[in-house]
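Dear colleague,

I am passing on a structure that I would like you to look through with care.

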Amino acid sequence: MIAFLVRRLLQAVAVLFIVTIMVFILIHRLPGGPARAELGVQATPTAIASFNQQHGFDKSLWTQYWTWLSELLRGDLGYSFKENSTVSALLLDRLPKTALLAGVSVLVAVLLAIPLGVVQALRRNTIVDYVFTAVTFVLYSTPSFWLSLILVLVFSVNLGWVPAQAPQGSIGAVLSQPSGLVLPVATIALISVALYSRYMRSSTIDNLTQDYVRTARAKGAAISRILFRHVLRNAISPVLTLLGLSLPFILSGTLITERVFNYPGMGLLFYNAAVTQDYPVLLAVTLIVAVATVAGSVFADICYALLDPRVRYAHA
Amino acid sequence: MATMLEISDLVVDIRSGRSTVRAVDGISLTLDPGRTLGLVGESGCGKSTTGLAVLGLLPAGGKVTRGSIRIDGHEIVGLREAEARAIRGRTVGVVFQDPMTALNPTQRIGAQVAEPLLIHGMANRSAAMKQAVDLLGEVGLSRPAAQAERFPHELSGGMRQRVMIALALICGPKLLVADEPTTALDVTTQDQILQLFDSLQQSRDMSILLITHDMGVVAGHTDEVAVMYAGRLAELATTHRLFGGYRHRYTEALLESIPTLDTPRGQRLATIAGLPPNLGGQLAPCRFAPRCAHAEQVCFDVEPQWSEQGEHGYACHLPRRTDADLMTESAGAPS
Amino acid sequence: MSIDLPDVADTTGQAAAEDRQAAVEPKQPSMVLRRFLENKLAILGLLLFLAMAVFCFLGPLVYHTDQIHTRLSEQTLPPGPGHPLGTDQVGYDELGRLMVGGQTSIEIALGAALVAVVLGVVWGTVAGYFGGVIDSFMMRIVDSVMSIPALFLLMFLATMFRPSVLMLILVLGLLAWLAPARLVRGETLSLRSREYVQAVRVMGGRAPRIIFRHLVPNVLGTIVVNATFQVADAILAIAAISFLGLGIPPPAANWGGMLSDGLNYTYSGFWWLIYPSGIAIIITVLSFNLIGDGLRDAVGLRAHRRL
């Protein structure tokens with residue numbers, strides 16, 4: 001298990017290293033370069049040259065990369081001229097809000113998906129199964145920004161139950177106005193519920209046809225006991241694995257949703273940075289997102305190993 | 001003494017899609033307390049389906065369409081699910097073929113063995129665990145307390161089957177259905193498991209329905225034998241009688257296909273030509289006729305009737321003649 | 001929004017890898033077809049897609065509209081005579097634009113899926129064939145690109161390149177080739193070690209040819225299923241980047257662009273600018289998701305890419 005973990009973590013570090021190189025090169029090929037993005041289209045060549053010299057942009061790409069990487073390892077993510085703040089401070093403010101949005105959304109999605117998947121598995125190929133499949137597939141096939149707006153039209157414009165705007169300010173302020181989170185969370189949860197319920201359905205079907213279920217029936221166990229004591233535990237573990245792997249999908253969802261509701265998270269920060277070509281922020285957010293994704297897949301592997309004793313011992 | 005298991009005229013249909021297959025077609029047999037009945041036949045002959053019907057665990061689409069199954073005098077055909085559950089695991093225990101897949105891979109062995117006691121409300125958690133550990137020791141696991149904490153995949157195949165047996169016996173059932181309990185095991189382990197069945201039967205005084213395709217297993221470990229072919233009963237006798245004077249041509253073919261030490265070198269081992277019939281298709285009146293070396297026209301025209309002499313019954317137009325037959329015939333012949 | 005979950009099997013160790021290998025054994029094509037046709041939802045998906053394709057590609061032949069010249073005098077007319085679905089903010093007929101926009105969306109999506117599959121198959125075969133250091137390096141690159149959520153990468157690329165139909169095909173394809181690359185690489189790796197390939201090598205045969213000949217039937221099912229989902233993802237991705245303001249500029253039309261333009265009028269009550277394009281996207285994406293789901297079941301894949 002330890003060896004497996006170490007190998008997996010080394011792999012993750014290698015992947016992140018390649019990500020830094022890729023992203024760095026990509027950003028520095030953006031048209032105009034950082035100087036023009038910062039100084040505007042009317043900047044004189046001298047102004048650009050002095051800006052580049054001042055910030056080390058006249059050095060070779062590799063020198064710049066090593067400078068950036070060594071600063072990164074010391075925890076210095078650079079400075080955003082656009083936001084007039086250090087990137088670390090920006091991330092420290094935005095990251096928790098996106099984590100909150102993504103976390104609550106995934107939780108809601110999974111809490112919907114597990115019972116849904118089990119019901120579909122128990123009633124597979126009946127009308128109930130078809131209807132739930134159709135509904136979750138339609139949600140999954142819906143552009144998320146469009147879904148958000150429909151939700152806004154119905155629940156805040158027509159019914160007036162919840163605000164259409166997300167709460168602003170610090171994480172504390174966000175937490176103190178939970179009603180503002182309802183629609184953003186609902187959007188992400190609804191588009192992603194199919195992801196998990198579909199998986200739960202096939203995983204439950206797989207387990208229901210296993211011999212050990214017949215053994216449990218032969219013991220005289222009722223269907224509820226078979227489900228809760230035997231099948232669910234075995235069926236949920238692949239879904240938990242999927243949880244880690246679905247992180248990129250969820251993060252893409254937060255990018256759109258934060259833009260729709262003007263929720264001050266990392267997605268909105270990234271969006272604004274892309275529009276204004278704020279390189280240090282683009283770099284940092286991409287990196288954080290990649291770290292999260294890689295961590296998600298490591299989490300998935302560990303989950304898989306911990307939940308299934310067969311794997312747990314195989315790696316021991 | 002009352003019979004432990006009484007199956008009469010049992011018919012099981014299995015529907016899949018639009019077609020229906022009659023997997024078991026009118027079989028009757030009885031099993032007395034403390035005895036072992038071997039149910040033999042090739043795969044697909046309906047022996048496992050019969051076993052599952054006794055447990056009320058027919059696969060999806062399966063249904064008892066006719067006949068009755070009585071366990072210890074109680075009819076179980078037509079029971080409601082809750083009533084059937086009360087019998088399963090408590091009055092009837094079962095051991096399946098493959099102990100690897102039959103055990104829950106993510107649950108510790110002790111908990112799995114103890115579970116029937118909890119289901120039937122026969123013990124609280126700690127008492128059930130203690131009984132499970134005791135029983136694991138009784139079925140031959142060394143250091144049972146430690147083994148109870150392990151997962152199925154950490155045990156050998158033979159050990160897993162012992163666990164499965166413990167699980168089947170924990171509530172002290174009067175009837176044990178063992179469905180090919182040794183097929184997935186290697187030869188030496190097979191023998192140990194069968195020995196275990198014998199000794200457990202002695203100590204617990206229970207009846208065993210032993211389902212197998214292996215005539216060798218039947219010979220050494222049963223009191224009576226029922227031979228099934230294509231959903232029907234071909235021959236039924238005490239084990240002693242059967243091996244002394246089997247009559248049905250199918251039984252004969254089965255026994256001749258077993259290699260023995262006496263088989264001369266170089267002689268080809270007898271096999272049964274062809275394959276068992278597709279139960280969904282057209283069947284000959286004597287279902288074995290198309291594969292039978294002795295079949296005559298009558299076998300393709302008329303259904304053979306069940307004939308019974310004492311403890312020996314069979315359904316064959318042209319039964320094998322036994323030594324006794326030959327003696328009577330020569331004695332009765334006019335000089 | 002594009003989603004690229006790797007196979008669970010890809011990242012979950014040896015046991016799962018064997019599982020998947022067993023699952024992608026080639027099946028009888030007739031068997032696959034029969035099982036696909038038995039799946040009611042998959043048939044529904046197929047019918048929905050055919051309906052949308054007929055609407056977009058044959059519709060303009062009978063319903064003629066001018067989708068090039070703007071007519072500001074006719075902007076945002078509600079549905080009525082002459083304009084069954086009204087007109088948009090610059091006076092284009094909404095129904096006609098839905099057809100033309102659908103052509104673009106479907107073409108981009110199919111093109112992107114094609115690019116993804118070709119690139120993925122080549123990359124995966126090369127990595128799996130050479131193995132060792134080359135394989136590790138190539139697969140770490142796949143891991144790395146995969147670790148940046150598609151939409152973030154898409155925004156990145158969209159700020160760098162001026163969006164056009166061809167550009168979008170390439171960019172979306174460049175985002176989507178990762179999953180097929182992994183699948184093909186795994187299959188090549190296992191083929192390479194199989195006895196008959198080894199035997200051919202011993203006899204001096206050309207292993208690459210053998211691998212390719214066996215590889216194609218082995219992974220065909222997986223690839224087709226994956227490509228179907230890619231098409232669905234691509235249509236949503238076009239919509240998402242249009243919403244983020246990085247889509248194809250007018251007068252070229254696509255559903256995503258129409259939808260995000262229409263959203264500016266959410267509070268004006270111009271419902272005909274919001275619902276038709278949204279529903280068109282949902283129907284088309286849904287059709288591909290249903291087809292993909294049905295195909296996956298028919299091919300008998302146990303490791304689910306997603307859904």
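In β8(B), which residue is the bridge partner of B:D179? The partner is B:I211. This is a predicted model, in which local features need pLDDT of at least 70 and side-chain atom pairs count only at pLDDT 80 or more, while totals for chains, interfaces and linings use all residues. Residues are numbered from 1 along each chain as its sequence is written, chains are lettered from A and ligands numbered from 1 in the order in which they are written, and side-chain values use heavy atoms, with hydrogens and water left out.

Helices (H or I, at least four residues) and strands (E, at least two) are DSSP runs, numbered from the N terminus; two strands pair if DSSP finds at least two bridges between them. Strands β7 (residues 175-179) and β8 (residues 207-212) of chain B pair in the parallel sense over five bridges. They belong to an open sheet of eight strands with mixed pairing, in the order β6-β7-β8-β3-β9-β10-β12-β11 (chain B), whose edge strands, β6 (92-95) and β11 (307-309) of chain B, each pair on one side only.

Just after α13(A), A:Q277 takes a positive phi of about 55 degrees.
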